[in-house]
Structures are given as C-alpha cells and as structure tokens.
Amino acid sequence: MFEARQLMLFYENMLALNNVSLQCEADRIVGVFGANSAGKSTLMYTLSGIMEDIQKKEQMAGGERITIRGEIIFQGRDVTHLKPSLRARAGIILCPERRRIFPECTVVENLMIGGYLANSSQTEETLGYVFNLFPALTRISKRLGGFLSGGEQQMLAIGRSLMAQPRLLLLDEPLLGLSPMIQYMLAKSIKEIRNQRGAAIIVAEQYARPIMPIIDYGYILENGAAVVDGTNKELMDNPDVKSAYFGQ
Amino acid sequence: MDIVIYGMVTSCSLALMALGFTLVYGVSRLPNFAHGALYVLTGYLAWLLLKRVGLPYPVAMILSLVVTGIIGAAMYHFVLARIRGMPISEIIASYAIGLAILEGMRWFGLRGGTFRLPPFVDGATELLGVSVDFQRLIVVGLGVVMVGLLWLFVSKTKLGLALKGMAQDERAAMTLGIDSDTMAVVAMALGSMLAGAAALVLLPLGSIVVEAGYHVLIMAVAVCIVGGLGSWNGAILAAFIIGFAQILTWKYFGAHYQVVVALLAIIVTLIVRPSGLFGRQKELEERV
C-alpha cells in the first residue's frame, strides 16, 4: 500500500537520509526508531511532502540546496514529487513533531481546521470519534490551543490529523516531552485508531518502550540509514536494540 | 464629546483601511504594498461605472469590488507567487504594481479634485450635541459590521478556518491538506476587496485623488506595525489608538500634525516594542 524506495536526501553535501526503504501495509503500525538527529523527522517530512515545500522555499531564498532521490509509492501511485496539500488529499496525513497546534484557535476550531478535506458528514462523525477517543478534550473544547498542556496538545494534534480522514497517518514523535503515564495512554490510543479507523500508521519515536509493543514492524534509523528492521518480536530480541532502547 | 464621536469615525476608517492589509499579511506573510492603489482603483472604477457607464450606484459598487478582487488574485497568481519567500522582492514588486496602477489612473484621466462619489445618504444629524453627517455614521456602522462579518467568516466557515490555520501555522495547515498558494490567492482577493470596500464608504467623504493611495498605504502600514504585523486583533486596537491620537492632535495642535501621529506611532512602536502590541515575534522565543 505504501512504499518508500531507496530514499536519499542531501542538505547541500550532507547526507541526511541514506538509502532508506520502508513499507507499510494497510491496517499495520510501523515504527521508526532512532536517537536525535538520526533522521526521523527528515524522513517524516519527506514522506508527507513538507520537505518538498522546504526545498522550494530554500531554493527561492537562495538558501540550502536540498536534493531528494528515490521513490515514494502510495496506493500504486508515485507521490514522490507531489506537494503536501495534494499528498494530504491522497490520504497521507502528517501529525507533525512538537504538535504544532494552532495556538489562537480553540480546541474545536483546531479540529474543524483539520476537517478541511472532509465533507460535513465525515466531519461530524470524526468529531464524535475524537471526543470519544480522548474524553479529556471534551472538558476543554472551548479553550485556546496555546493554553493546553503537552498531553492535551498531543491528543488534539492526533485528533486534528484524524479529522483529515487519513489513509496513512504519519506520527512524528507523538510522545515527546510527555509523562510515562500519558505515553502509555497514547500508545494504546494509537493502536485503537488502527483497529477502528483502518488507517495505516507510521510512528517515528525515540521512546521505544511504550511504542514497541503496539507495532507490527519496525525500523531502526542510525545516521540516516535504516540499520535494523524486523517485526516487534525480532527487534525486541535483537541484543543491540535491547541495549540501546531497553537498557538491558 | 466631539472628540469621542470623531475619534470613533477616524478609528473606524483606519480599521477599514488596515483590515485588508493585515488579512493578507497574516495569512501569507505578504506585505501588499499595492493596497493603497487597490483602494483608489475601486473608487475610480465605481466612479467610472456610475458616471460614465451610468449603472445604478449599488451595482457599480459591487462590480468594482469584484473587479478589484480579481485584480488582487491575479496579482498574486502572476507576479507575487513567483517571488514568494523573498520579503524585499515582495515589497518591491507589490509597490511597483501599486505605482503602475496609481500613476496609470492619473495618466488615464484621474486628475484634479472633481471626481466625487455621492454619499449613501445625504444630510447630517445632531448626535449628543455634535453635528455629524450620515456618511460618517455609516463608516462607523460599516466598520463594526465588517469586523463582525470577518470574525464570523474566520471562525465559522471552512474557508475562513483554513485561512486562520494558515495564518497561525503554515506547515501544520499544509499537513492537513490546505494549500498555501490557494489560500494566498483567496487572501489577496479578500484583502483587495476589503481595501475596495473601505474606499467605497470613505471616498464619498472627499474626492477621489491618486495621492489617497499613498496616504492609505502609510496608514495601513502604521496601524499594522503598531498592532503587530499579521495580528487581526492588534490591528483593530491600533486603529483605535492612532485614530483617537489623531483626533486629539487635531483638536489641540492643529490639523497639519495629524499625519505625523501615524509616523510617530511607527517610530515609537519600533523603539519600545518592535513586534507591536500583539506581535508574533515573541513566538520566536523557544517555548518548550
């Protein structure tokens, strides 16, 4: 359903993604793990098309030269050079790193902006689903996005992405800066989303512990290259992964 | 009492002048320096349609607004889209277009003070002991209505919400399928029409002259800088501050010092609080 083949990305001459190939079938959760600067966000930006936009802007301003090589195939269609809004239309929705909530909009408005691509019956249905999935949002539905706590913002960000009716949901570091309790709660919700919405999900995360149990397949990124991959069982049994991510 | 009433009138007209500019800047980070030109253009178009073509006044107004909207959208599509992201070029290009429009109109025959749009309702009234003409009251009314409509638009409709999202976080909006260029075209069209609407209510108070274009641009920029570039609430508040300051200067120092107020406001703001009253610059400070 979704496949990235031999992605290479250069900032000027610096290699940020080195020959990364990854696949994700419908109804699967794929994990991408790596430390800071391993290339997780770069990968997510490349898959969602934001990198295409950054590249264009840098080119306009005469800034950094960004080169993208490789292919991204989604539902049999080559989306490698599509701009982000068209990729979103095709069903690839990114929930960006650091959540990027609209700070001066209320929770409901944030969700409604997320529903830009949805028709009115989808909007209504998904709105109900999001409040059901994250009951904590109901109480604060009139509050401005900028005044929410980190956990609330993350729930809102995921809900907002769901409003766009994703067929492939890209979650970029959804657990960043959150308490362990909320991390496990969100991991559970991500699994529920897969089960109930039938969307494929790719999660990029450095905290492997809460995410590893819910994924079907995972990749370990190091310096921009996918060095290890396997099912969650294989990854958890791998001694290198164990020592790096589980401290054993 | 006259300070309060005329202060309201001046503030509302400033808000009307600045709304379009701040809308475009807020959504697309485009300083539209052709704003003043579009203002005069709408007035002149309405005058031509009314006096030369002989259309009824309301039809002429609506038609001139639509044409201005289309010109704004075309300006983005054909020129500004190509230099997006280079602020200096954006300013130069939009200002050049503005100059072309303004001086083009002068060449076309807009010279002298004989071009006048009739007021919507003739006459004047006495309000709390101050005599005000109806057109000035309409300015206040329309200012309030326009702000209200704009608020409804950006908080209730899908397109308005998308514009608001784009204004607050471009990248997040893009991940949700909102297209940056489409929104910029919409914002430019809307912003130009707002400039036009301001012209249609304000111009009947005087005559249509090319110089008004430069004046309106300076006022719009002053209001936006004091309010914080791209902040809609800030622009309205700043319009009231500058508006009342102007009326107070007019009352106590004389009419010539009025324009100085706006320029002084820019300088003071840039010294004391460079990001303006509701500036977005503060967001650059990392808040984790």
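Me: A charge sits over a ring if NZ of Lys or CZ of Arg is within 6 Å of the ring centre and within 35 degrees of the ring normal. Which residue lies over the face of A:Tyr129?
Reply: A:Arg197, at 4.4 Å from the ring centre. This is a predicted model, where local features need pLDDT of at least 70, side-chain atom pairs count only at pLDDT 80 or more, and totals for chains, interfaces and linings use all residues. Residues are numbered from 1 along each chain as written, chains are lettered from A in the order written, and side-chain values use heavy atoms, leaving out hydrogens and water.

Me: And what lies over the face of A:Tyr45?
Reply: B:Arg171, a residue of chain B, at 5.1 Å from the ring centre.

Me: How many aromatic pairs are there over all chains?
Reply: Twelve. Rings of Phe, Tyr and Trp (its six-membered ring) pair if their centres lie within 6.5 Å; planes under 30 degrees apart are stacked, over 60 edge-to-face, the rest tilted. One of the pairs is B:Tyr44 with B:Phe108, edge-to-face at 6.4 Å centre to centre and 80 degrees between the planes.

Me: What does that pair tie together?
Reply: Parts of chain B that are 64 residues apart in sequence, because B:Tyr44 lies in helix H2 (residues 35–53) and B:Phe108 in helix H4 (residues 87–108). Helices here are DSSP runs (H or I, at least four residues), numbered from the N terminus.

Me: Is B:Tyr44 buried or exposed?
Reply: Buried, at 5% relative accessible area. Buried means under 20%, exposed over 50%, partly exposed in between (1.4 Å probe, protein chains only). B:Phe108 counts as exposed, at 55%.

Me: Which residues do ring pairs link into a cluster?
Reply: B:Tyr44, B:Trp47, B:Phe108 and B:Phe115.

Me: New topic: how many residues of H8(B) are buried?
Reply: 18 of its 23, so the helix is mostly covered.

Methods: Helices (H or I, at least four residues) and strands (E, at least two) are DSSP runs, numbered from the N terminus.
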